[in-house]
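Please open the model in your viewer and keep the selection panel at hand. The stops below move from one site to the next, with a note on what to select at each.

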Amino acid sequence: MEKLVINGNRKLQGEISVHGAKNSVLPILASTLLIKGVSIIHNVPDLTDVDASIRILEYLGAKVKRENDTLIVDANEITENTIPEEMMREMRSSIIFLGSLLSRTKEAYICYPGGCDIGVRPIDLHLSSLRKLGAVIYENGNCLCCKSTSFHGAKIILTFPSVGATENIMIAAAVSKGKTTIINAAREPEISDLASFLNSCGAKIFGAGEGTIEIEGVESLYPCAHSIIPDRVVAATYMSAAAISADELLIKNVRTQHLSPIMPVFMEMGCKLSGDKNNLKIVSPKRLKRVKMIKTMPYPGFPTDCQSIVMAALTKSNGTTIINESIFESRFKHISELNRFGADISVNDRIAIINGVKNLYGANVYCTDLRGGASMVIAALAAEGKSTIGDIYHINRGYEKIEENLAQIGADIKRVNDEKTAKESKGCEIEVEGAVQQL
Ligand code: UD1
């Protein structure tokens, strides 16, 4: 099993670049199923969730080729309409294939998706919305049997601005008869990126990034080339790493505007932020200040994906911060691991109380989920001594070569393979035995 080994308390400095957004590329890859042709997607990060999406596309009959950070998806022929359970369970985003597969094949068989264990994560909004667009969906235990001769326009009022449900509706309604209106749509930047990809393929989607999205269905889409936006959660991870253990860090290839919901929190911590629309410089104070209150909210509120990441930085702040997690009911699993570093965090239902401490100390911890894992990396970077972080398959889902990127700015971090180490030491014993036999 792979682990990260970090010798902490090193000053980080220099420049670091942010890769393409996981949460953008996954729905865009799913939506390539709508297009009979070859889609070219640039700035695609090398992540296990992207690999999982590629496996689904290939299973369904698409041909996918990677050239550096570009994916070439040929969806001219789609031969399957069932996604196997093991593929569905690999990630939450597999549910976004429902709208596109159903639009393309008119019949789809899938089961419930997997993803990080951060709450119940129902898919009722996805299913009720697709039903409004004309899909007939039977739920049979864990399986969903879905049919739709063709999607038609509808007015859909979301009871919560779900990111995934908004994406599924946009994809399904893009090729449909008539006009669809989504009221209380999610406004995350990844929604706008999906709309921008689909519109470049001939879709007519208006208002993405706002609370009401209008989609005029078209007959078909044509292929295009598109570049994925930078990952704002990866940028936030580097900001937190900088806040807790850097003097000054330049984070390149960001969309500064997408970071506006988190920037006030870093400023309240005492960090100085400057830069332009694609670069962000962060200068951190000697000791971070506490933040009065953080509440996770749909965009443009403070993102739930940044909750654990910013919490890690606050563990070493001067005072007490309250964090209210309002999106996912079980997104505090990383806290018991952060406390192993000497952090002082307590939880009461959806409220976390972080009492800043002066020092963190090296610890052996295990990732609980993707962003929780990232919070442990941040704590380990700022801890005195050596830390090991296990179960990093969670981190591999959303961070490309995290150890190489952080090493570039001065972190002492290595990825080690326990099995390899064990085998190597076993090999030594055999050699010794052989040598003894030869003697
Ligand atoms: C997406 C992001 C995830 C982020 C989340 C919230 C991707 C791949 N993942 O996840 O990183 O943390 O947005 O910003 O883009 N809900 C329902 N019924 C539904 C759907 C959602 O009740 O049918 C609830 C969820 O349980 C949760 C809330 O709505 O409490 C937000 O979920 P949603 O916005 O759908 O998140 P995801 O699309 O799963």
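Begin with the lining of the largest pocket, which by class has 20 nonpolar, nine polar and 13 charged residues; here Ala, Val, Leu, Ile, Met, Phe, Trp, Tyr, Cys and Pro count as nonpolar, Asp, Glu, Lys and Arg as charged, and the others, Gly among them, as polar. The model is a predicted one, in which local features need pLDDT of at least 70 and side-chain atom pairs count only at pLDDT 80 or more, while totals for chains, interfaces and linings use all residues. Residues are numbered from 1 along each chain as its sequence is written, and side-chain values use heavy atoms, with hydrogens and water left out.

A pocket, on a 1 Å grid over the protein atoms alone, is an open set of points with protein on both sides within 12 Å along at least five of seven lines, whereas a cavity is a set of points where a 1.4 Å probe fits but cannot get out; lining residues have an atom within 4 Å of a point. The largest pocket has a volume of about 940 Å³, a volume being the space filled by probe spheres set on the points, which are joined across faces, edges and corners. Select R92, R121, V163, G164 and F328, which are the closest to the pocket's centre of the 42 residues that line it. Next colour α1 (22-31), which gives the largest share of this lining, four residues; helices are DSSP runs of H or I with at least four residues, and strands are runs of E with at least two, numbered from the N terminus.

Now display the ligand, which sits in this largest pocket, meaning that more than half of its atoms lie within 2 Å of the pocket's grid points. Of the 18 residues around the ligand, D124, L125, S162, D305 and I327 come nearest, where a residue counts as near if one of its heavy atoms lies within 4 Å. Highlight α5 (124-132) and α6 (163-174), each of which supplies at least two residues of the shell around the ligand; the largest share, three residues, is from α5.

The protein buries 87% of the 730 Å² that the ligand exposes when taken alone, with areas from the Shrake-Rupley method and a 1.4 Å probe.

Move on to the largest cavity, with a volume of about 30 Å³, by selecting its lining residues R232, H258, L259, P261, I262, P303 and C306.

Two backbone details complete the tour. Most residues other than glycine have a negative phi, and most peptide bonds are trans. Y299 and P300, however, are joined by a cis peptide bond with omega of about 10°, and P300 lies in the loop between β17 (293-295) and α10 (307-314).
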